[in-house]
Amino acid sequence: MTEEPLRIGVLGAARIAELSIAGPARVTGHRLVAVAARDRSRAEAFAAEHDVERVLDSYADVVSDPAVEVVYNPLANGLHAPWNLAALAAGKHVLTEKPSASNTEEAVEVRDAVAKAGTVFMEGFHYLFHPVTRRLHELLESGELGELRHVETTMVMPAPPDSDPRWSLPLAGGALMDLGCYSLHAQRVLAPWAGGAPRLVAARGGERAGAPGVDEWLDADLEFPGGATGSARCHMAHDEWEMSCRIVGSLGEATAVNFVQPHLDDRVRVRTASGERVEMLGRRSSYTYQLEAFAAHLRRGAPLRLDADDALATMRLIDDCYQAAGFPLRPRTALPATA
């Protein structure tokens, strides 16, 4: 690496951090300079396995550490906005797991804090940087698929344990927060080929047994200004895994078999009047592409498609879905005074 590596501080030692930041940092040569977790022993184990330079006592210590340039936040959903705000107040760049906040009100606060801090903020919709998603967009841009008519995004998975924070309303859990945000975002970014961003037409969902207010599944119907329609589906207690994106145009269609986990399946199926084909776009991690794009923006000013305004727009659509489906908005999480 010829450029100065990023100096990254990690909040927590969750398994997602292994895939989303530790592996990509190792591949790209960026430094993990600090980590903290609620259980220090877990932070120590994470640091030993992933070559993190120092273990600190608390998230607040990571955020305030002068050696930390970028704060990576993979905590439970309800802890995204509070610690994103803390990091921004400390003058750090922020790479946060999605969604960036628990509700629109918090997302507005984060957007305003980014403007005040003058630092870079990005919500980790890593799929956007992979050649699989870029290829879907190229197929629309080239005209091969014709005019956009319909989009189907499906995010379903088997249920995590009942004790998982993704089933906790106080921690801003639910299928839409964990999975459906991808379904909605993947449709939102089609705005350039659809006459603008989609609006919600209708939403319906089902509550998780034993978890009042938490959605086990939620389906949303969308409509774009140019007349195209969208179907965004998520289910967090399904029989199988599926994370697909199907784009239907007037001249053909294309499906990314696993647009969120292309390292597991990088196929894009294309069907037009001239025939059918399968393109293989590579199984390099989308998180690695994401970290490279984030670093290129910080070091060279390269364009970055994701920012606090984009995060706010997604959060507004999430809240619209919850309200239309009869669910409460996810509540704000207050950090303890000693955090």
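Predicted model: local features only at pLDDT ≥ 70, side-chain atom pairs only at ≥ 80, totals over all residues.
Helix α7 has a kink of about 40°, centred on C181. Helix α7 covers residues 175–188, which makes 14 residues. At 1.5 Å a residue, α7 should span 20 Å. Its end C-alpha atoms are 18 Å apart, which agrees with that expectation. Burial is the next point. Of the 14 residues of α7, 14 are buried, so the helix is largely enclosed by the rest of the structure.

One partner of α7 is helix α9, residues 308–325. Two packed helices are described by the angle between their axes and the distance between the axes. For α7 and α9, the angle is about 115° and the axes are 10 Å apart. The crossing of α7 and α9 is right-handed. On the α7 side, the contact is made by L176, M177, C181, L184, H185 and R188. An α-helix has 3.6 residues a turn, so residues three or four places apart point the same way.

V151 has I247 of β10 as its bridge partner.

Strand β12, residues 267–272, holds V268. V268 counts as buried because its relative accessibility is 0%. Leaving out residues up to four places away in sequence, V268 touches V132, L136, L139, A254, T255, A256, R277, V278, E279 and L281. V268 and R188 are 80 residues apart in sequence, and their C-alpha atoms are 20 Å apart in space.

Next comes helix α6, residues 131–141, which contains T133. T133 is buried, with a relative accessible area of 3%. T133 and S286 are 153 residues apart in sequence, yet 9.9 Å apart in space, C-alpha to C-alpha.

A second open sheet has five strands in the order β2-β1-β3-β4-β5, with parallel pairing. Its edge strands are β2 (31–36) and β5 (121–123), and each pairs on one side only. The twist here averages 20° from one strand to the next. Strands β3 (residues 70–73) and β4 (residues 93–96) run parallel and are joined by four bridges. Y72 has L95 of β4 as its bridge partner. Helix α4 (residues 80–89) lies across β1 (7–11), β3, β4 and β5. Its direction is about 165° to β4.

The last stop is T104, in helix α5, residues 104–117. Is T104 buried or exposed? T104 is buried, because its relative accessible area of 17% is under the 20% cut-off. Leaving aside neighbours within four places in sequence, T104 is in contact with L312, M315, R316 and D319.

Key
Residues numbered from 1 in each chain as written. Heavy atoms only, no water. Helix = DSSP H or I, 4+ residues; strand = E, 2+ residues; numbered from the N terminus. Expected span 1.5 Å × (residues − 1). Bend = angle between axes of the 7 residues up to and from the residue. Buried < 20%, exposed > 50% of the residue type's maximum accessible area, 1.4 Å probe, protein only. Pairing = 2+ DSSP bridges. Axes fitted to C-alpha atoms, helices over the stretch in contact; angles between N-to-C directions. Contact = heavy atoms within 4.5 Å. Left-handed = near helix turned anticlockwise from the far one by under 90°.
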